[in-house]
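Hi,

Here is the structure I promised to send over. Have a look at it first, then read on for what turned up in it.

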Amino acid sequence: MPKYVDGFLLAVPKKKVEAYRKIAAKAGKIWMEYGALQYVECAADDVPSGKTTSFPKSVKLKPNEVVCFSFIVYKSRKHRDTVNKKVMSDPRLAKMGPEQMPFDMKRMMWGGFKTIVEL
């Protein structure tokens, strides 16, 4: 059954990865509570910088930072929109405003994707 995925890519200062992990864990619980099927946060382990393009280049990675990639899985885009509406109105998320984020939100990328292959 096809699903819908929101993907995120960002650069987190190495010294703030644990703070990011804690915020992400709290946010993930909220998303799951409202119906997300899966919530995953990943920190780069083997992500080379390419000559033309790469994950590090895309977030303008600085030497003291690590690339983080995350994704949230939903049943469909409609389901995503319903879940996100509830999440965005949750007062617990309001406590995690931009000023609390341990990374530069201007270099964060995100988007919604239809699955085309799922094995």
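The side chain of His79 comes within 3.2 Å of the backbone oxygen of Gly35, a polar contact (a pair of N or O atoms within 3.5 Å; within protein, one must be able to donate a hydrogen and the other to accept it, and residues adjacent in sequence count only if both atoms are side-chain atoms). Before more of that, the ground rules: this is a predicted model, where local features need pLDDT of at least 70 and side-chain atom pairs count only at pLDDT 80 or more, while totals for chains, interfaces and linings use all residues. Residues are numbered from 1 along each chain as its sequence is written, and side-chain values use heavy atoms, with hydrogens and water left out.

His79 sits in helix α3; helices here are DSSP runs of H or I with at least four residues, strands are runs of E with at least two, and both are numbered from the N terminus. With a relative accessibility of 15%, His79 counts as buried. The scale is: buried under 20% relative accessible area, exposed over 50%, partly exposed in between (1.4 Å probe, protein chains only). Skipping its neighbours within four places in sequence, His79 is in contact (heavy atoms within 4.5 Å) with Gly35, Ala36 and Tyr74.

Ala36 is in the loop between α1 and β2 (38-43), and it is buried too, at 6% relative accessible area. Take Val73: it is 37 residues from Ala36 along the chain, yet their C-alpha atoms are separated by 6.0 Å.

Asp104 is in the loop between α4 (91-94) and β4 (109-114) and is partly exposed, at 30%.

**The core**

Which residues have the most contacts inside the largest nonpolar core? They are Leu10, Val12, Tyr20, Trp31, Tyr74 and Phe103, in a core of 21 residues. A nonpolar core means a set of buried Ala, Val, Leu, Ile, Met, Phe, Trp, Tyr and Cys residues joined through side-chain atoms within 4.5 Å. At least two core residues come from each of β1 (4-13), α1 (17-33), β3 and α3 (77-88), and α1 gives the largest share, with six. As background, nonpolar side chains tend to be buried together in soluble globular proteins.

Not counting residues up to four places away in sequence, it touches Leu10, Val12, Glu41, Cys68, Ser70, Pro102 and Phe103. Ser70, in strand β3 (residues 65-74), is buried at 4% relative accessibility. Beyond its neighbours within four places in sequence, Ser70 contacts Asp6, Gly7, Phe8, Tyr20, Val40 and Glu41.

**Salt bridges**

How many salt bridges does the structure hold? Seven, taking a salt bridge as a side-chain nitrogen of Lys or Arg within 4 Å of a carboxyl oxygen of Asp or Glu. Three of them:

- Arg21 and Glu18 pair at 2.7 Å, N to O. They are about one helical turn apart because they lie three residues from each other in helix α1. Arg21 is partly exposed at 43%, and Glu18 is partly exposed at 39%.
- Arg80 and Asp81 meet at 2.8 Å, N to O. Arg80 is buried at 12%, whereas Asp81 is partly exposed at 39%.
- Asp90 and Arg92 meet at 2.8 Å, N to O. Asp90 is buried at 5%, whereas Arg92 is partly exposed at 35%.

There is also a network: salt bridges with shared partners join Asp6, Arg80 and Asp81.

Val47, Phe55 and Phe69 make a nonpolar surface patch of about 240 Å². Patch residues have over 30% relative accessible area and no salt bridge, with like charges joined within 9 Å and nonpolar side chains (Val, Leu, Ile, Met, Phe, Trp, Tyr) within 5 Å; the areas come from the Shrake-Rupley method with a 1.4 Å probe, and for residues only the protein chains shown count as cover. Phe55 belongs to helix α2 (residues 55-58) and is partly exposed, at 43%.

Cheers
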